[in-house]
Amino acid sequence: MPVSRRATLGLMAAAAASPLRATERFFVPGEEEPHERTFMQWPVSRRVYGHDGFLEDVRATIARIANTISEFEPVVMLAARTDHARARQLLGAGVALWDIPTEDLWARDSGPLFAVAGDDLRIQSLNFNGWGGKQVHRRDGKIAARVAEYMDLELAASPLVGEPGGVDQDGHGLLIAHESSWVINNRNPGFTRQEITRGLNTAFGTDEVIWAPGLAGEDVTDYHIDSLARFTGPGRILMNLPETPVPGDPFHAAAFETHDILKRAGLELEVIPEPEEWRVDSEDFVASYVNFYVCNGAVIAAEFSDAHTDAIALDALGRHYPGREVIMLNADALGEIGGGIHCATQQQPA
């Protein structure tokens, strides 16, 4: 008789409670820990981007991010072999191309999530389904499995459906997440929040999830938390919030609700302002300073041409990551499609 998804969650939770070795279990290290390399994805789908020149802007942005990271650690760009020649025109020598077909660029969500236990490395799969079936994912839904096969690594599939960008974790046992990205029928129908908590703790090797409601149905991700609040160390979070909330704006209301929940949980919070001015004329533009990526020796973040708030973000990131170079890039093309630099990257721990 097949084991039910709920029964599987129970078995996985029991396994997580018992060490896989004498004293170790698989866990996802904090992003600030040393990396072997960074993974990214080459965007190609005309069903996603249409037939105008915007796709070329997005590709140029992805290449700019990849080339910058490659100054600090190796980068692998995933792309079908037929797309390698075009990608190579924009990518520097520090970026390798692997023949793994892609549709879109969001490696944080559809790429490989790596977990370690001692000297062992494996890939966790959260069964990416296009953010609840909102986008084509015939290729992107197979990326984690294909990378595991390419690297000859174990693929540990969770019974959950979701995206690693739908949580943030400190590498020391604590996760934060919005319920709207997980406790929702387009990902996990029939699962309770308690069951999803156990599944996430198993996948990430964590002990606790702090939940905030979030906001469902207003964007493709159902409000991923990594554009709002990020761990920068054990129990320490950097958030960006609007200095002047707009009455009736559902994102602003949900963001401040998340802030209050994290503060009541006893986390150390620093809040920086979102930019008030940016180059893109779009109500849906994502202008997030905390959607940054930490690589070996550097922090790669977005700037938005708001001199005041850009300077505040630069200072905050420098204080939270002393000894690392903070590089701020124009990543506007990603903000136009609802994401940022963190959403476009995924680390392999050293």
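Is L55 buried or exposed? L55 is buried, because its relative accessible area is 0% and buried means under 20%. The model behind this value is predicted.

**The chain as a whole**

The chain has 350 residues. Its radius of gyration is 19 Å. A compact globule with that number of residues would have a value near 20 Å, so the chain agrees with a compact globule. Along the principal axes, the C-alpha atoms fill a box of roughly 55 × 50 × 40 Å. The secondary structure comes to eleven helices and 16 strands.

Buried residues make up 57% of the chain. The accessible surface is about 14,300 Å². Carbon and sulfur atoms account for 50% of that surface.

Take the contacts between residues at least 6 apart in sequence: 76% of them join residues at least 24 apart.

The chain carries 29 positive and 51 negative charges.

**The nonpolar core**

In soluble globular proteins, nonpolar side chains tend to be buried together. Here, the largest nonpolar core has 53 residues. The residues with the most contacts inside this core are M40, I62, M77, L91 and F292. Several elements each supply at least two of the core residues, including α3, strand β2 (75-79), strand β3 (95-99) and helix α10 (307-320). The largest share comes from α3, with eight residues.

What does L91 touch, not counting residues up to four places away in sequence? L91 touches W42, A63, A66, N67, M77 and L97. M77, one of these, is also listed among the residues with the most contacts inside the core.

L55 sits in helix α3, which covers residues 54-69. A156 sits in strand β6, which covers residues 154-157. A156 is buried too, because its relative accessible area is 12% and the cut-off is under 20%.

| Residue | Relative accessible area |
|---|---|
| L55 | 0% |
| A156 | 12% |

Now look at their partners. Leaving aside neighbours within four places in sequence, L55 is in contact with P43, V44, R46 and Y49. V44 is eleven residues from L55 along the chain, and their C-alpha atoms are separated by 7.7 Å.

A156 touches R122, I123, Q124 and S125, again not counting residues up to four places away. R146 is ten residues from A156 along the chain, and the C-alpha atoms of this pair are separated by 13 Å.

Key
Residues numbered from 1 in each chain as written. Predicted model: local features only at pLDDT ≥ 70, side-chain atom pairs only at ≥ 80, totals over all residues. Heavy atoms only, no water. Helix = DSSP H or I, 4+ residues; strand = E, 2+ residues; numbered from the N terminus. Buried < 20%, exposed > 50% of the residue type's maximum accessible area, 1.4 Å probe, protein only. Contact = heavy atoms within 4.5 Å. Rg over C-alpha atoms; globule rule 2.2 N^0.38 Å. Areas by Shrake-Rupley, 256 points an atom, 1.4 Å probe, with all protein chains shown as cover. Lys, Arg positive; Asp, Glu negative; His and termini not counted. Charge placed at Lys NZ, Arg CZ, Asp CG, Glu CD. Core = buried A, V, L, I, M, F, W, Y, C linked by side-chain atoms within 4.5 Å.
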